[in-house]
Amino acid sequence: MSDGVLDAILETLIPRSADGRMPGAGTLGLGPELRAKLSDLGTVLDDAIAAATDAGLSAMPPLEREVWLRGLEASQPGFVPAVYLTLCTLYYAQPAVLSALGLAARPPFPGGYELEPGDLGVFDAVRARGPRYRSAGD
Amino acid sequence: MADEVADVVIIGAGAAGAAVAWSLAETRMRIVCLEQGGWMDPSEYPTNHQNWEMLGLGPFGFSPNTRARPADYPVNDDDSPIKISNFNAVGGSTILYAAHFPRLHPSDFRVKALDGVADDWPLDYATLEPFYDQNAEMMGVAGLSGDPAYPPKEPTLPPVPLGRLGDTLARGFERLGWHVWPSDSAIATAEHAGRAPCINLGPCVTGCAQGAKGSTDVTYWPAAVRAGVEVRTHCRVREITVGGDGLADGVVYFDAEGNEQRQRAEMVIVACNGVGTPRLLLNSASARFPDGLANRSGRVGRNLMFHPYALVTGWFPERLEGYKGPTGCSLISQEFYETDPSRGFVRGYSFEMLRGDGPVRTAIQGAAGRVPWGSAHHDAFAERFDRNAGMVIICEDLPEEHNTVTLDPELVDGHGIPAPRIHYRLGENSRRMLEHAVARGKEVLHAAGAIETEALSPLPPAGWHLMGTARMGTDPERSVVDAHGRSHDVKNLFIVDGSIFVTSGGVNPTNTIQALALYVADHIKRNLGNLFD
């Protein structure tokens, strides 16, 4: 089974952004990991790849690919969403994608993040309005 | 081990078990705590990993039924719109909690007297106040003094930073003239008791890799163990046994190798929370207690209270840096906390403001069509990523006897112990309260600048506050334990967890659970000489 065709499907699902800032999902080598996570789909993924191969998806221009994939989505409801959602979980954990979003391309720990303390002056007005709890005769 | 008699056996090493163990340790009594989970390894928490968002949905998810860790037991919550959330480990559910740490209000202890519903507690805020203070020091509570929603109290540490998101939300409340205040949070915002300060990792609810969040494995337990308390992990108690004199004389438990063991004890303290405690008591039925241990009142397992939650989310035109900072701790609003009958319900609720989603969670909103695949993907993602903030709404739940924890007739855990079964219906008062709260939540988010809002009410996975199923009271016919947490029926049996709550209040219960545990421990220490007379 050609992962080149799978990459074309992934690139159609999350393409390179128009401004070039965000990489396309087909260029990140996510195919093997996606296959592993979708192993419970059985032959459905391979059947879709085979259909895409027969249709010449890899040679189509981007808009034509999208039309073809929407046709597959209509004929096999559930398949494209399953692949897409799984792809999102992989794509948005990629260092290249995180960097493109302006985020640190690392796990949160141990670097952590700086966070401003905020404007505590806004609570002066709340304090000035006085107690608001009910007495219980304690 | 089989012949040694402990002075005290504590069942459960969570929020309450830790506090009572630490407090009693100074007596030098031989104290053994049996915990069905183990010690957590912070290096396993999701924030150590690149794919932290997805790891948070698996082994560190909320539901024991889907998480299925070795220490989990199944819970039949099919007959409840709110699903049970708990965690078994040294630290218990504090491993996964958001560390939001408010106190109950004085009025929460006098619901019957003030509002004519539910019951009054056999103690009051003033009685519990010194134990709230003691707990604040041990857990390390960050906050801001001067909150007019409470009697005066002093936080231990500076408030959790608000960041751009908190500032944005606070302005919304201020535009409406509503109460809002920095959350009381069990998070070390500065170095405290040897713990490193918070570094704003984000998802506190999947475990704190930094150790700044106040889970009891890093707060009470180190001190309790140094003082001589023995914690036996991976030990699941099957039943509490009673001798011929009607006193509890120990427990039967499965050890880490799965072998049945017996630990005899002079005193038994149960700290298994609102589902685990009634389950254990009901599984400890005997000829003397055919309806379950300490259940002559018939109230064990009854009056289950959650906090019906709603989630209200707003999307804003600007980026909020919401992926930074403790996810559940920034601001709290108690504008609608105290009863106002003109609203159409009694009692009230809190807004607890939430930080935003990471990139994966933002993207998988595509399931609802918001971030589509294809040529429109990136623009839609950019409109949403780092632009959401919102709140959970915590509604007070009234005690109703038909809301119960019983034993499932078929489902058992890995040791063959009958599992708990939940029966729960959302009350009419709660429905009206949720409706009011969702509308107000959307109102304040729009006031803060949100261009779009949505709500989910009630929130199904929000069964993480478990209360009322072994309630306190002065009447042995209508309560399970007395004002000092002691069973009316078994003089040397104490319960110290959320199951002893009489009412739920409209705030997270952990601070109050621990204050009660400290209060009960204090009573035990003061009366050791004649405790069982």
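Helix α1 (residues 15–25) of chain B packs against helix α12 (residues 510–526) of chain B at an angle of about 30°, and their axes are 8 Å apart. Helices here are DSSP runs of H or I with at least four residues, strands are runs of E with at least two, and both are numbered from the N terminus. Axes are lines fitted to C-alpha atoms, for helices over the stretch in contact, and angles run from 0 to 180 degrees between N-to-C directions. Angles under 35 degrees count as roughly parallel, over 145 as roughly antiparallel, 65 to 115 as roughly perpendicular and the rest as oblique. α1(B) and α12(B) are therefore roughly parallel to each other. The contact involves Ala15(B), Ala16(B), Ala19(B), Val20(B), Ser23(B) and Leu24(B) of α1(B). From α12(B), the residues include Ile513(B), Ala517(B), Leu518(B) and Ala521(B). Two residues are in contact if their C-beta atoms, placed from the backbone, lie within 7 Å. By class, this helix contact has 11 nonpolar, 3 polar and 2 charged residues. Ala, Val, Leu, Ile, Met, Phe, Trp, Tyr, Cys and Pro count as nonpolar, Asp, Glu, Lys and Arg as charged, and the others, Gly among them, as polar.

The model is predicted: local features need pLDDT of at least 70, side-chain atom pairs count only at pLDDT 80 or more, and totals for chains, interfaces and linings use all residues. Residues are numbered from 1 along each chain as its sequence is written, while chains are lettered from A and ligands numbered from 1 in the order in which they are written.

A residue is buried if 20 or more other C-beta atoms lie within 10 Å of its own, exposed if 12 or fewer, and partly exposed in between. Beyond four places in sequence, Ala21(B) touches Ile10(B), Ile31(B), Cys33(B), Ala224(B) and Val229(B).

In all, 55 residues of chain B are in contact with 39 residues of chain A. On the chain B side, α6(B) gives the most, with 7 residues. This side has 27 nonpolar, 20 polar and 8 charged residues. Pro107(A) is in contact with Thr47(B), Asn48(B), His49(B), Gln50(B) and Trp52(B), leaving aside neighbours within four places in sequence. Pro107(A) is found in the loop between α6 and α7 of chain A. With 17 C-beta neighbours inside 10 Å, Pro107(A) counts as partly exposed.

Some backbone features stand out. Most residues other than glycine have a negative phi, and most peptide bonds are trans. A cis peptide bond joins Phe109(A) and Pro110(A), with omega about 5°. Another cis bond joins Ser457(B) and Pro458(B), with omega about -10°. Pro458(B) is in the loop between β15 (452–456) and β16 (493–495) of chain B. Ala68(B), not a glycine, has a positive phi near 50°. Ala68(B) counts as exposed, with 12 C-beta neighbours inside 10 Å. Glu321(B) has a positive phi of about 55°. Glu321(B) is partly exposed, with 19 other C-beta atoms within 10 Å.
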